[in-house]
Amino acid sequence: MLKAVILIGGPQKGTRFRPLSFEVPKPLFPVAGVPMIQHHIEACTKVPNLKEILLIGFYQPNEALNQFLVSAQQEFKIPIRYLQEYAALGTGGGIYHFRDQILSGNPAAFFVLNADVCSEFPLEEMLAFHCQRGSSDSFLMLGTTANRKQSLNYGCIVANADTHEVLHYVEKPSTFVSELINCGIYLFTPTIFHHIGEVFQRNQQDLLLEESTNGWQRAEAIRLEQDIFTALAGQGRLFAYKTEGFWSQIKSAGSAIYANRLYLSCYSQCHPERLAQNQPGGPSIRGNVYIHPTASVDPSAVLGPNVSIGKGVTIGAGVRVRESIILHGASLQDHTCVLNSIVGWDSTIGRWARVEGTPSDPNPNDPYAKIDSETLFRDGRLTPSITILGCNVTIPAEVVILNSIVLPHKELSRSFKNQIIL
């Protein structure tokens with residue numbers, strides 16, 4: 001019997017995803033038509049004998065999260081539970097805090113997936129690779145290749161080419177270590193808690209057994225990457241499985257556009273029925289496009305490639321949308337143009353307006369890619385990136401919004417370029 005744990009973090013870690021995270025928790029942001037973590041859940045349900053999925057984070061339970069859990073259980077026919085941390089305990093501290101819940105039912109192994117990654121999730125392949133080793137005290141991490149320059153932004157793995165054993169692990173090194181990087185997807189056996197427990201005991205001793213809540217929290221705040229993997233490397237217990245499929249992080253709002261493209265491309269190969277097709281009397285579809293059944297799209301509109309249209313969206317005559325996500329309830333009036341942008345919930349773009357951004361794909365194999373948001377500003381100025389309209393933004397007719405971020409509930413009166421509109 002197997003289980004899966006999805007680490008969804010919490011609001012303190014969602015600042016780079018603003019202004020989109022103001023409306024929904026980041027893990028529920030829709031990418032390719034469904035909440036981000038639904039892709040994780042769908043991959044987990046395809047693994048034989050996986051009986052339960054646990055979400056661990058420190059978001060306060062809210063209506064959006066509760067509704068998602070109910071609908072996901074009904075759709076995938078598998079128990080899905082949310083376990084709330086009392087504070088941010090780190091990737092290792094979270095699973096250690098809830099180890100009794102994870103180990104209930106005596107699973108032989110369990111997957112751990114970070115919510116802020118997009119991937120083909122080769123979980124069955126990882127399981128087969130792990131079973132070949134036949135060890136109850138070995139652990140597996142998913143790896144992929146990155147450009148030499150970009151590898152410095154990730155956890156770097158030095159592995160034996162023949163045995164795949166991890167010999168050395170460094171999180172975000174200052175100099176080049178390896179082109180093999182950590183994907184944030186793991187397969188553990190229950191003995192991992194022994195190794196995490198040793199770190200917890202050392203932390204308690206370092207804190208002189210401080211009994212305050214703050215002291216306990218600091219002891220439980222354990223990071224798998226820096227505290228566990230670094231120590232396990234070279235001991236014959238940690239192994240790396242290299243994937244040839246796509247992978248990317250979803251740290252900032254701009255990276256959601258890139259993830260949207262990757263998932264839509266995956267749909268075209270595995271689930272073409274989810275994508276819109278050119279039909280007589282319908283809009284012109286170019287490339288991979290997802291359109292929610294409740295959306296209203298004028299037949300003269302041109303959509304794609306790599307576009308997701310959400311629930312209840314209205315798209316008028318002559319509209320052009322490319323490389324963008326249009327969230328539910330938005331209205332694109334006649335002859336608007338939306339390129340490389342995210343249009344927020346219930347926002348309105350007036351006739352003949354143009355909303356355009358500059359692609360900032362966080363591709364680990366592109367040496368010039370913008371990773372996360374550390375390059376959002378340069379020399380005190382906003383650098384060109386995708387354009388993001390928050391919730392309930394109104395763009396007037398015949399204006400241009402270029403490379404800008406607009407916070408929620410704004411009614412603009414003129415054009416903007418390279419600005420954050422507060």
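Strand β8 (residues 139–145) is joined to β11 by 5 bridges, the two running antiparallel; helices (H or I, at least four residues) and strands (E, at least two) are DSSP runs numbered from the N terminus, and two strands pair if DSSP finds at least two bridges between them. The model is a predicted one, in which local features need pLDDT of at least 70, side-chain atom pairs count only at pLDDT 80 or more, and totals for chains, interfaces and linings use all residues. Residues are numbered from 1 along each chain as its sequence is written, and side-chain values use heavy atoms, with hydrogens and water left out.

Strand β6 (residues 109–114) also runs antiparallel to β11, with 4 bridges. Because 9 of the 9 residues of β11 (residues 180–188) are buried (under 20% relative accessible area, with a 1.4 Å probe and protein chains only), this strand is largely enclosed by the rest of the structure.

Elsewhere, 7 strands form an open sheet with parallel pairing, in the order β15-β18-β21-β24-β29-β32-β34. Its edge strands, each pairing on one side only, are β15 (289–291) and β34 (420–421). Helix α9 (residues 255–270) packs on this sheet, touching β15, β18 (307–309), β21 (324–326) and β24, where contact means heavy atoms within 4.5 Å. The direction of α9 makes about 95° with that of β21, the axes being lines fitted to C-alpha atoms, for helices over the stretch in contact, and angles running from 0 to 180 degrees between N-to-C directions. Within the sheet, 3 bridges join β24 (residues 341–343) to β29 (residues 387–389).

Residue partners are listed below.

| Residue | Partner |
|---|---|
| Glycine 143 | Asparagine 182 in β11 |
| Valine 343 | Leucine 389 in β29 |

Note on methods
Buried < 20%, exposed > 50% of the residue type's maximum accessible area, 1.4 Å probe, protein only.
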